[in-house]
Structures are given as structure tokens and as C-alpha cells.
Amino acid sequence: MAAVPLRRGRGRRSYQPMSEINVTPFVDVMLVLLVIFMVTAPLLTVAVPVDLPKAKAAAVGKPDKPLIVSVRADGTVFLQETQMDTATLIARLKAIALVRDNPRIFVRGDKTVPYGRVMQVMSSISTAGFPKVGLIAEDGSD
């Protein structure tokens, strides 16, 4: 008897799984996400809306993560993004000073808030023992 070769079927090809992974779509999605996060990250820094006055002064050197105290137009005070009264503000700043040595504090005051209110907040901060208190203003060179 003669041996007959086995037929696998007409027109059928044997299926072999591909052992390579196509990473091009993954890289494309990651690059798009990277661009989106790079564009939106600077917009998320300060969430308390304050209309700053303009000033023509040289920019201050970049300190190590300053604390931002904001005074809104209605006179309310915020530490970073948390609303609080002046007594609570001083207590929180003293608690932060236990962890960070001599923290730098910036005060942002809305241009419509009375000057006395901003000075009251700054005076409270400096009399509590924080010598590095500065004001933030927008660049007025137009």
C-alpha cells in the first residue's frame, strides 16, 4: 500500500498566532495624554479667584513652595484654597512652621478690597512670628 499524503482542506491555511505586540496605538494615546496634562496642569495651581492689582517690579526669585494667603474682594481670607478667619489662619501657620523652618508667605489681595484689610492680615501674620511676608501683584508693564 502506498502512503497517501494528508490533506488539510481546500484553501485553508493553518493559523499561527502572532507573537508580537503592536505598541504604536498605545504610544500615540500616551503622547496625547501627556500633551493634555501639560496644557491643563498650569491652570490648576490656584483655585481662589482674585483680581490682582498691577505693579511694575522685578519678579521675586523662585522660593520653595510658598504659602499663599488670599484676601478676596469681600474681605474673606483663604490659606491656599481653604477659607478661614484670621485666628485660625495664624494657628495653621504656626502648625506649618513646626514642620517647615521659616516658611515664606505671600499675600494676594483683590484690588477692590480695602487696603486696611490686607494690612490687617499682613500685620497678624508678621506679629505671629513670620518675618518673610510678601505681596503678590500682576505685572503692570503693558
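Q: What makes E2 and E3 a pair of strands, and how do they run?
A: Strands pair if DSSP finds at least two bridges between them. Three bridges join E2 (residues 67–71) to E3 (residues 77–79), so they pair. The two run antiparallel. One of the bridges links Val71 to Val77 in E3. A strand here is a DSSP run of E, at least two residues, and a helix is a run of H or I, at least four, both numbered from the N terminus.

This is a predicted model: local features need pLDDT of at least 70, side-chain atom pairs pLDDT 80 or more, while totals for chains, interfaces and linings use all residues. Residues are numbered from 1 along each chain, and side-chain values use heavy atoms, without hydrogens and water.

Q: Why are E4 and E6 called edge strands?
A: The open sheet has the order E4-E3-E2-E5-E6, with mixed pairing. E4 (82–84) and E6 (133–136) each have a single partner strand, so one side of each lacks a neighbour in the sheet.

Q: What does helix H3 touch in the sheet?
A: Contact means heavy atoms within 4.5 Å. H3 (residues 115–127) packs on the sheet and touches E2, E3, E5 (105–109) and E6.

Q: What makes a set of residues a nonpolar core?
A: Its members are buried Ala, Val, Leu, Ile, Met, Phe, Trp, Tyr and Cys residues, joined through side-chain atoms within 4.5 Å. Buried means under 20% relative accessible area (1.4 Å probe, protein chains only). The largest such core has 17 residues. Val69, Leu89, Leu93 and Ile125 touch the most other members. H3 gives the most to this core, with four residues.

How values were computed
Axes fitted to C-alpha atoms, helices over the stretch in contact; angles between N-to-C directions. Buried < 20%, exposed > 50% of the residue type's maximum accessible area, 1.4 Å probe, protein only.
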